[in-house]
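Subject: Structure handover and notes

Dear colleague,

I am passing on the structure we discussed, followed by my notes on what was found in it. Please read the notes with the model open beside them.

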Amino acid sequence: MAHDPSVLAPTYTRTAVRSVAPRFTMPDGEMDPKTAYQMVHDETMLDGNARLNLATFVATWMGDEADRLYAGSYDKNMVDKDEYPRTAAVEENCWRILASLWNAPDVANAIGTSTIGSSEACMLGGLAFKRRWQIARRAAGKSTEKPNLVMSSAVQVCWEKFCNYFEVEMRLVPISEEHPCLDGSRLEHYVDENTIGVVAIMGVTYTGMYEPVKEIAAALDAVQAKTGIDVPIHVDGASGAMIAPFLQPEIEWDFRLERVHSISTSGHKYGLVYPGVGWVVWRSLDALPEELIFRVSYLGGDMPTLALNFSRPGAPVLLQYYQFLRLGREGFTAIQQECQDVAKYLAKGISEIGAFDLWNDGSDIPVFAWQLKAGHTDKWNLYHLSDRLRMKGWLVPAYPMPDNMNDLTVQRIVVRNGLSHDLADELLEDIRVETAWLDALSSPMPVEAQKSGFHH
């Protein structure tokens, strides 16, 4: 094979780099790996800075030791438990740790699994509800048609997907200024014999608020006392299930409540792991129908699996165990407390600017939202402030509230591990400066082509 002199040329004078890379077709020939690396690396330069992305809940920093652990295990397939038995054991360690953290009555009798993220975990929780309901209905000689699932209108989109994909009626309890989350009121109007479960959110995506699971459970107790209908709860703890045990241990939201059958969370949110891992745990074996557990022979071993995905990376599971070992309760508490302190500092500073009303202040999960004060201005809106902040590198989304409140726009900040008080102070100063700039406008900003910056 003839030697290609362009391989030795300076990076940006090589033949491949001096032309536009194919976007939708496979190139005919090979490319020097250094050239291919540089081209793909350069493609991402216009992405936002992950550390300044205050829209996402997903972890953007872990540290050098975690990075080395990730690099040494990214080739492990989580599903291949026979070939990687210690990784499989670590997965079980993790969900049993979570069962204990969430006060399962008997950790040895609990069951759980890792997932790609909390969306898959939620779908597994929903599937268990649907299948338990179907089994009970068949045993009673009743129809299994028209199952429904009750939840707040502020749920994450994964629940809409679940109801769509698995043919379950989605019954949304609308939020309002009087009832900014699902709080148990009016629940009796949504629950009937076809209700497979109720979803309670520990950390509403829109605002960061906890839904009062204990009050929701009490409302369902009242429904059962009146009608005999026994409805279980799944707690969508994508964020809050990794905050409340450390910052608000007195709140009863978990398996201390008998009506809570399952809990899901994102390991890659406040579980402090890079993207790619979620968890779901059931309070006991009988809460998960055996028929949803598949036992397959794969690469020489017998393997039980209950996730929707099959092959998936094992590295994030190992990183989760690393964080449990590295931080322990003391470390998790310190990190989550620092995040909450920063959130409260920012919320206080934003409220003092005078242009905004807070929805909350980060006292639940370290997330808070605000809206423009009524009558403050007719020259600009929160989408304009979001654009002004983006020009300085900050990604702070503006978006409409759900359903009957979608004429109200809010802006939200998610404080994660890595957003220090120092960085937060710079952000606060930029918000002050850009708000003053917008307030000084002599004519309105254009509103054409504005779009929501909302991210789950």
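In these notes a residue is called buried when its relative accessible area is under 20%, exposed when that area is over 50%, and partly exposed in between, with a 1.4 Å probe and with protein chains only taken into account. On that definition, buried residues make up 52% of the 456 residues in the chain.

Please bear in mind that this is a predicted model, in which local features need pLDDT of at least 70 and side-chain atom pairs count only at pLDDT 80 or more, whereas totals for chains, interfaces and linings use all residues. Residues are numbered from 1 along each chain as its sequence is written, and side-chain values use heavy atoms, with hydrogens and water left out.

Overall architecture

The chain has 10 helices and 13 strands, where helices (H or I, at least four residues) and strands (E, at least two) are DSSP runs numbered from the N terminus. Its radius of gyration is 24 Å, close to the 23 Å that the globule rule gives for 456 residues, so the chain is as compact as a globular protein of that length; the radius is taken over C-alpha atoms, and the rule is 2.2 Å times the number of residues to the power 0.38. Along the principal axes, the C-alpha atoms fill a box of roughly 75 × 70 × 45 Å. Of the contacts in the chain with a separation of 6 or more, 70% are between residues 24 or more positions apart, a contact being heavy atoms within 4.5 Å.

The nonpolar cores

A nonpolar core is here a set of buried Ala, Val, Leu, Ile, Met, Phe, Trp, Tyr and Cys residues joined through side-chain atoms within 4.5 Å. The largest core holds 91 residues, among which L346 and I413 touch the most other members. Helix α8 (residues 315-351) supplies the largest share of this core, 14 residues. Leaving aside neighbours within four places in sequence, L346 is in contact with F368, I413, V415, L419, A424, L427 and L428. There is also a second, separate core of 39 residues, which includes L149, A369, M405 and L408.

Helix α6

The 15 residues of helix α6 (residues 213-227) should span 21 Å at 1.5 Å a residue, and its end C-alpha atoms are 21 Å apart, which agrees; the expected span is 1.5 Å times one less than the number of residues. The buried residues of α6 are V213, I216, A217, A219, L220 and V223. Seen down the axis of α6, these buried residues fall within an arc of 160°, so they line one face of the helix, the arc being that of the directions from the helix axis to the C-beta atoms. They pack against β4 (195-201), β5 (233-236) and β6 (260-266), whereas the face turned away from the buried side carries the exposed residues A225 and K226. After α6 comes G228, whose phi is positive, near 85°.

Individual residues

R137 lies in helix α4 (residues 118-139) and is buried, with a relative accessible area of 9%. Not counting residues up to four places away in sequence, R137 touches K142, S143, T144, E193 and N194. H384, in helix α9 (residues 382-390), is also buried, with a relative accessible area of 5%. By contrast, E352, which lies in the loop between α8 and β10 (356-358), is exposed, with a relative accessible area of 52%.

With best wishes
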